[in-house]
Every structure is written in structure tokens, then in C-alpha cells.
Amino acid sequence: MPDSHALYALLGGTFDPIHFGHLKPAETLAQQVGLQKVTLMPNNVPPHRPQPEASASQRLAMVRLAIDQHPLFDIDERELRRDAPSYTIDTLQALRSERGERQPLAFIIGQDSLLTLPGWHGGYSLLDYCHLLVCQRPGYNQQMKTTEDRRWLQQHLVSDPARLHQQPSGCIFLARTPLIDISATEIRQRRHQGQSCDDLLPAQVSAFMDREGLYRDLHGA
């Protein structure tokens, strides 16, 4: 049974492929906030971006390889089993139902996602189900677009990580995570151009991509 008192943190993503820009900030965040686990949740049908190049099974295999020697991380596969678009609010509602009203839940997002959160399906109501742990992203500031958005952020912002463990939801924590300028798009582009990206992701993931022929030159050259 899960520890009903421990802060449960979830990091969703397409992971096409998973890379150090996902893993290293999450490790730093875990130290800052006091997380025992970070659960990675690969999306199946992301509603706000182009569909993945790698299949669901390939992306899941890469996540497994990336965290094989990292006990901090585990995986939740529920979104990969969905054929419909994966909306964060639906997943959080399901987790809240499973884990009860009292367990602290957190959803990890990047600074870029925080700025666009009001436009998400469910938007502000995500905080009814979880805390938001925000990792810095290169090139983004912390200023939300409208006065209403900025007021909402200030109302929920906390600087003491203990608050995240003491209540089940409703807080936003801006983490001081490393600014790692890596994107899955950059990795795919490098691979399509025949360039190495071994410095951007775990060696096991790079070897898997080679074996599977992932993200190779689109013209077959």
C-alpha cells in the first residue's frame, strides 16, 4: 500500500525520448522538496502537441531503461492504456480517488507549462487535486500574462516545502532546479541529421534508439 503520509509526485510527458532535461531537474527537485519517489507517467495521445514518433511501447521501454539504476523513479502506465487524449485533470482526479482526500499529491511541470496553465483543460482547478512543483526552464520568465493569472499565482505560491507535505493540494512551489537546455525535439533533429546526442540522454536509451532505428533520417539516407 502507498504511504498515505508521503508526498506523491508525478511527472508526465511524451518522453519521445526521455532525456537528462527530464531526469536531472527531477532529482534536484526531490532533494529540495523531500520526495521519496517521482513517478514518471508517459502520455499516449498528447492533446496539445504533435503525436510521438516512437511508439508507446518504445517510449515506455526507454523510460524503463533510463531509470533502471535510479530508485528515486518509478512508472505509472495508465495513460499509455488510453486511446483518447490524456488530460492531466482526468489523471489527477483518478489519483485523488485512489489515494484518498488526505494524501499530499503533486504534479511536476516546467516553467513554460505554468505560463500556459490557464489554457489547459481544467486549468486552475488542477490545484483542487494537487500541488504544482514548477521546474525552471531556459528562456522563460515567471510572469504570467494577465493580472488575474498573476494574482492566482501569488495566492497559491509557497516558499516552504513543508507546506507541500502538510496539506493535500492547493500550493505552487517554484523550485531552484538546474537550467538544462535540452529538448526531445533537439534530440530527434540531431538523430535525423545523423548527429550524436549521447551527451543529452542516458547511454542505455541511446543504445536502444540505435537498435530500434529510432529518429533516423526521414528520407532513409
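Val 134 touches Ile 109, Gly 110, Gln 111, Leu 114, Ile 172, Phe 173, Leu 174 and Ala 175, leaving out residues up to four places away in sequence; contact means heavy atoms within 4.5 Å. The model is predicted: local features need pLDDT of at least 70, side-chain atom pairs count only at pLDDT 80 or more, and totals for chains, interfaces and linings use all residues. Residues are numbered from 1 along each chain as its sequence is written, and side-chain values use heavy atoms, with hydrogens and water left out.

**Val 134 and strand E5**

- Val 134 lies in strand E5; helices (H or I, at least four residues) and strands (E, at least two) are DSSP runs, numbered from the N terminus.
- At 1% relative accessibility, Val 134 counts as buried, where buried means under 20% relative accessible area, exposed over 50% and partly exposed in between (1.4 Å probe, protein chains only).
- Five of the five residues of E5 are buried, so the strand is largely enclosed by the rest of the structure.
- His 131, Leu 133 and Cys 135 point one way from E5, while Leu 132 and Val 134 point the other way.

**Sheet**

- Seven strands form an open sheet with parallel pairing, in the order E3-E2-E1-E4-E5-E7-E6; two strands pair if DSSP finds at least two bridges between them.
- The edge strands, each pairing on one side only, are E3 (73-75) and E6 (157-158).
- E4 and E5 run parallel and are joined by five bridges; Leu 133 in E5 is the bridge partner of Ile 108.
- E5 and E7 (residues 172-174) also run parallel, with three bridges, and Leu 132 stands opposite Ile 172 in E7.
- Three bridges join the parallel strands E2 and E3, where Thr 39 stands opposite Asp 74 in E3.
- E4, helix H4 (residues 111-116) and E5 make a right-handed β-α-β unit; a crossover is right-handed if, with the strands pointing away from the viewer, the path from the first strand over the helix to the second runs clockwise.

**Nonpolar cores**

- The largest nonpolar core has 40 residues, and those with the most contacts inside it are Ile 18, Leu 35, Val 38, Leu 40, Met 62 and Leu 133; such a core is a set of buried Ala, Val, Leu, Ile, Met, Phe, Trp, Tyr and Cys residues joined through side-chain atoms within 4.5 Å.
- Two or more residues of this core come from each of E1 (8-13), H1 (20-33), E2 (38-42), H2 (56-66), E4 (105-110), E5 (131-135) and H8 (203-212).
- H1 gives the most to this core, with five residues.
- A second, separate core of 22 residues includes Phe 107, Trp 120, Leu 127 and Leu 153.
- Leaving aside neighbours within four places in sequence, Val 38 is in contact with Ala 9, Leu 11, Ala 26, Ala 30, Leu 72, Phe 73, Asp 74 and Ile 108.

**Helices**

- His 22 is in helix H1 and is buried, with a relative accessible area of 18%.
- Not counting residues up to four places away in sequence, His 22 touches Leu 11, Phe 15 and Pro 17.
- Helix H3 (residues 88-99) lies across E1, E2 and E4, running at about 160° to E4; axes are lines fitted to C-alpha atoms, for helices over the stretch in contact, and angles run from 0 to 180 degrees between N-to-C directions.
- Asp 90 lies in H3 and is partly exposed, with a relative accessible area of 31%.
- The buried residues of helix H7 (residues 184-192) are Ala 184, Ile 187, Arg 188, Arg 190, Arg 191 and His 192, and what covers them includes H8.
- Gly 194, whose phi is positive, near 75°, follows H7.

**Aromatic pair**

- The structure holds one aromatic pair; rings of Phe, Tyr and Trp (its six-membered ring) pair if their centres lie within 6.5 Å, and planes under 30 degrees apart count as stacked, over 60 as edge-to-face and the rest as tilted.
- The rings of Tyr 124 and Trp 152 have their centres 4.5 Å apart and their planes at 20°, so the pair is stacked.
- The pair links distant parts of the chain, 28 residues apart: Tyr 124 is in the loop between H4 and E5, and Trp 152 is in helix H5 (residues 147-156).
- Tyr 124 is partly exposed, at 26% relative accessible area, whereas Trp 152 counts as buried at 7%.
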